[in-house]
Amino acid sequence: MDEVDFVIPLSKGELRTGNATAQYVVEELTSIRQLLGDTRDFKSAVLSTKGCFAVIDHFDTLYSLLCHFRSNDKIIKEVKPIAWNGLLKAAQKESQTLLNYLGDRNADRQAHRQHLTCLKMTCYLLCQMIEEFEAESVQPTTDTSVTKKV
């Protein structure tokens, strides 16, 4: 796992262009067709020994979901709950890890940076997904059925 600095951006597009040498940059957007398999890989990695660090390894996939979130494609509709549940599990594992880690005064600097990066990425993705879910919930419906007054 390379040492990178995740800077929480002001806009989603800023993650495509980094301005610091060690700043995290999204290298490639995952196509809608690939998202289902890649998101399942992410969730499996979270549930395995990778735990919360799966967010770092699969960030580009989750960022891609954010970019495709409002698509009406059925794959996106299937991917959203998988990604959401994976992120929640990653956040839960990271919070458990941090409880032990924060009390350890002998923890090394690289481990500290990795946990910080993981925490910032997880929080960013959760907040962005919440915003997207909220935007979805307030969209006007296209239901044009007419009800009769009795």
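Visitor: How far apart are Phe59 and Tyr63 along helix α3?

Guide: They are 4 residues apart in helix α3, which spans residues 59-68, so about one helical turn separates them. Keep in mind that this is a predicted model.

Visitor: How many aromatic pairs are there?

Guide: The count comes to 8 aromatic pairs. Phe59 and Tyr63 make one case: their ring centres lie 6.4 Å apart and their planes meet at 25°, so the pair is stacked. The cut-off for stacked is under 30 degrees.

Visitor: How is a pair of aromatic rings described?

Guide: By the distance of the centres and the angle of the planes.

Visitor: Is Phe59 buried or exposed?

Guide: Phe59 has 0% relative accessibility, so it counts as buried. The limit for buried is under 20%.

Visitor: And Tyr63, buried or exposed?

Guide: Tyr63 is buried too, with a relative accessible area of 2%.

Visitor: What kind of aromatic pair do Phe69 and Phe133 form?

Guide: An edge-to-face pair. The centres are 5.1 Å apart, with 80° between the planes. An angle over 60 degrees puts a pair in that class.

Visitor: Where in the chain do Phe69 and Phe133 sit?

Guide: Phe69 is in the loop between α3 and α4, and α4 covers residues 74-102. Phe133 belongs to helix α5, residues 109-137.

Visitor: What lies over the face of Phe69?

Guide: Lys80 does, at 4.3 Å from the ring centre.

Visitor: Which residues form one aromatic cluster?

Guide: Phe6, Tyr24, Phe59, Tyr63 and Tyr124. The stacked pair of Phe59 and Tyr63 is part of that cluster.

Visitor: Now the whole chain. How many helices and strands does it have?

Guide: The protein chain has 5 helices and 0 strands. From the N terminus, the order reads α-α-α-α-α.

Visitor: What share of the residues is buried?

Guide: Of the 150 residues in the protein chain, 36% are buried.

Visitor: What share of the contacts joins residues at least 24 apart?

Guide: Take contacts between residues at least 6 apart in sequence. Of these, 72% join residues at least 24 apart.

Conventions:
Residues are numbered from 1 along each chain as its sequence is written. This is a predicted model: local features need pLDDT of at least 70, side-chain atom pairs count only at pLDDT 80 or more; totals for chains, interfaces and linings use all residues. Side-chain values use heavy atoms; hydrogens and water are left out. Helices (H or I, at least four residues) and strands (E, at least two) are DSSP runs, numbered from the N terminus. Buried means under 20% relative accessible area, exposed over 50%, partly exposed in between (1.4 Å probe, protein chains only). Contact means heavy atoms within 4.5 Å. Rings of Phe, Tyr and Trp (its six-membered ring) pair if their centres lie within 6.5 Å; planes under 30 degrees apart count as stacked, over 60 as edge-to-face and the rest as tilted. A charge sits over a ring if NZ of Lys or CZ of Arg is within 6 Å of the ring centre and within 35 degrees of the ring normal.
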